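Let's take a walk through this structure, looking at charged pairs and then at one helix. Have the sequence and the 3D view ready.

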Amino acid sequence: MQQQAIEVVREYTEAVFRRARTPMEPLNFEVDWADQPSRHKSYPDAPRLPLPATPPDLPTLRDLHTGEHLPPVTGWSLARLAALLRLSYGVLDRRLGINWNQDAAKRAHFEHAVWGRGTASGGGMYPVELYLVAGAGGPLLPGAYHYHTGSHMLERLLIGDVTGTVRAALGVDATSGDSYLLAGIRFWKNSFKYNSFCYHVVTQDLGALLGSWDLLAPALGVPLRRLLCFDPAPLERLLDLDGDAESVFAVVPLDWGDSGAGPAATPVPADVRTRYPAFERSRRVRDFAAVTAVHRAAAAPAAPAPDTVDTAAPRELPGAPVELPAAQLDRLARPLSTVLAGRSSSFGRFRRPPDLTAAELGTTLAFAAAGRRYLADVKRPDGGPELTRLWVFANHVDGLPGGGYAYCERRHALLPAAPEPEGGMAAFLQQQYFLTNYTMGQVGAVLAISGRPDAVLDVFGPRGYRLLNAEVGTVAQRAYCAATAQDLGCGAVLGFDNVAMNTALGLDGTDERTVLFLLLGRHPQATADMACRL
């Protein structure tokens with residue numbers, strides 16, 4: 001059965017990587033924008049609890065990178081949890097930029113407004129749903145809660161201590177936790193636009209959110225262990241979710257500090273579930289066979305042997321390294337809260353000159369690559385190996401010849417992979433990009449995040465696809481943060497022909513593949529923008 005599930009995942013990933021040449025089913029799909037789901041899932045009948053809205057002062061990205069000047073690790077509090085939720089996935093501002101994008105005029109109208117959040121999301125769909133299962137001894141009445149991203153409130157779905165259900169689902173990983181933060185994904189919030197491509201996007205969205213949490217936890221002085229390998233079925237029953245439409249993908253145990261212990265609660269029966277119905281805006285909710293099939297296959301829990309996970313890591317590459325300037329950590333000296341509030345996708349706004357500098361590129365690479373040790377479930381002191389590698393298509397980087405390079409974090413250097421294509425890098429990149437929202441001649445560099453999907457599936461089983469994409473999303477979110485702190489533009493895209501990009505990097509004949517791309521460059525200095533902070 002597991003081998004069959006692995007083949008389902010392999011077929012899906014192959015379809016994703018070849019979608020620039022062979023479109024995925026359903027063909028001729030048209031988005032029904034008038035019937036799109038609500039951007040904020042809500043439970044209208046559930047009692048609501050407001051959360052603290054003012055985040056605390058947080059350390060800078062530089063301090064997070066070096067580990068200096070961080071607060072001591074303590075227990076969770078309601079204020080720290082509220083800061084984590086709001087800065088990572090809550091609405092922070094309304095954005096209206098005067099630029100040449102086709103929808104700029106529509107954004108002036110409230111119904112088409114763009115609302116900024118700290119974490120990147122494919123297409124701005126934000127499909128992750130956050131739930132809190134509060135146990136006895138914490139600051140909240142024991143029960144199950146949903147985080148309403150639009151209003152920054154908790155919606156209480158159930159009263160009673162149901163943490164035993166979470167512990168049972170986690171199995172051997174249920175070693176700690178007075179309460180649990182659950183990250184689920186509702187596919188329709190993304191698939192209404194991306195149809196069968198949805199699962200690839202949303203699993204990277206989850207990684208981007210966890211990347212924000214990985215930065216926020218040390219900044220807030222709280223421990224954060226993300227668990228990704230467990231049986232989601234008991235949690236779906238608890239939250240009354242249709243597992244094919246919405247499922248729990250990650251669990252974070254929370255241990256409350258001395259921030260106010262509530263009364264003890266009597267555990268409720270194991271078969272209890274929430275009863276409040278969620279609001280559904282769409283008149284017609286569609287499912288897509290490819291999404292359902294790959295989700296059912298990838299839902300199988302993974303339990304790899306710790307001594308096998310190294311075989312899933314990218315292999316060492318030969319070549320004479322091209323040294324990069326030392327990372328300019330002073331350029332990362334902005335508070336994390338400021339960086340998250342200012343993060344946005346470039347979406348076609350790149351302009352040059354001046355060119356990107358090698359130091360700016362190296363600083364971004366160093367900060368992004370530091371988030372790759374991702375396998376907390378492996379139970380190794382080093383967190384396990386990296387599942388991804390960073391590559392650079394140098395386009396307009398001052399002091400760096402055009403061409404393809406692999407980034408070596410250990411040496412902070414680039415390994416030449418391919419010379420600049422005939423006709424120039426910008427022309428090559430534009431030919432391989434099948435969307436219309438970016439002009440590659442204005443982009444300084446394209447970063448590619450790669451992995452070895454087949455090797456990951458061999459080690460972790462079908463769940464490995466989700467683990468790999470989670471690390472990809474984490475690296476992307478860290479790149480966004482590093483770019484924002486340096487006043488650079490960044491845009492994550494999935495619109496390149498992966499086959500051609502792999503060939504350009506010399507990956508043909510290997511099992512390594514590009515998974516996600518990040519455009520890096522500069523924005524115009526003179527812009528007309530409105531940012532309404534909330």
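## Ground rules

A salt bridge here is a side-chain nitrogen of Lys or Arg within 4 Å of a carboxyl oxygen of Asp or Glu. Side chains of opposite charge can pair when their charged atoms come close. Searching the whole structure turns up 26 salt bridges.

Keep in mind that this is a predicted model, where local features need pLDDT of at least 70 and side-chain atom pairs count only at pLDDT 80 or more, while totals for chains, interfaces and linings use all residues. Residues are numbered from 1 along each chain as its sequence is written, and side-chain values use heavy atoms, with hydrogens and water left out.

Start with Glu14 and Arg18, a salt bridge whose closest N and O atoms are 2.7 Å apart. How open are these two? We call a residue buried under 20% relative accessible area, exposed over 50%, and partly exposed in between (1.4 Å probe, protein chains only). Glu14 comes out partly exposed at 28%, and Arg18 is partly exposed too, at 38%.

## Bridges across the chain

Next, a word on names: helices (H or I, at least four residues) and strands (E, at least two) are DSSP runs, numbered from the N terminus. Now look at Glu280 and Arg186, which form a salt bridge with their closest N and O atoms 2.0 Å apart. This pair ties together distant parts of the chain, 94 residues apart: Glu280 sits in the loop between strand S8 (246-254) and helix H8 (289-298), and Arg186 is in strand S7 (residues 179-186). Glu280 is partly exposed at 30% relative accessibility, whereas Arg186 is buried at 13%.

Arg296 and Asp244 make another salt bridge, with 2.5 Å between the closest N and O atoms. Again the partners come from distant parts of the chain, 52 residues apart: Arg296 belongs to helix H8, and Asp244 to the loop between helix H7 (233-238) and S8. Arg296 is exposed at 55%, and Asp244 is partly exposed at 28%.

## Helix H11 and its covered face

Which residues of helix H11 (residues 425-432) are buried? They are Met425, Ala426, Phe428, Leu429 and Gln432. Looking down the axis of H11, these buried residues fall within an arc of 160 degrees, so they line one face of the helix. (The arc is taken from the directions from the helix axis to the C-beta atoms.)

And what covers them? The cover includes strand S11 (388-394), strand S13 (403-408), strand S15 (445-451) and helix H14 (498-504), with contact meaning heavy atoms within 4.5 Å.
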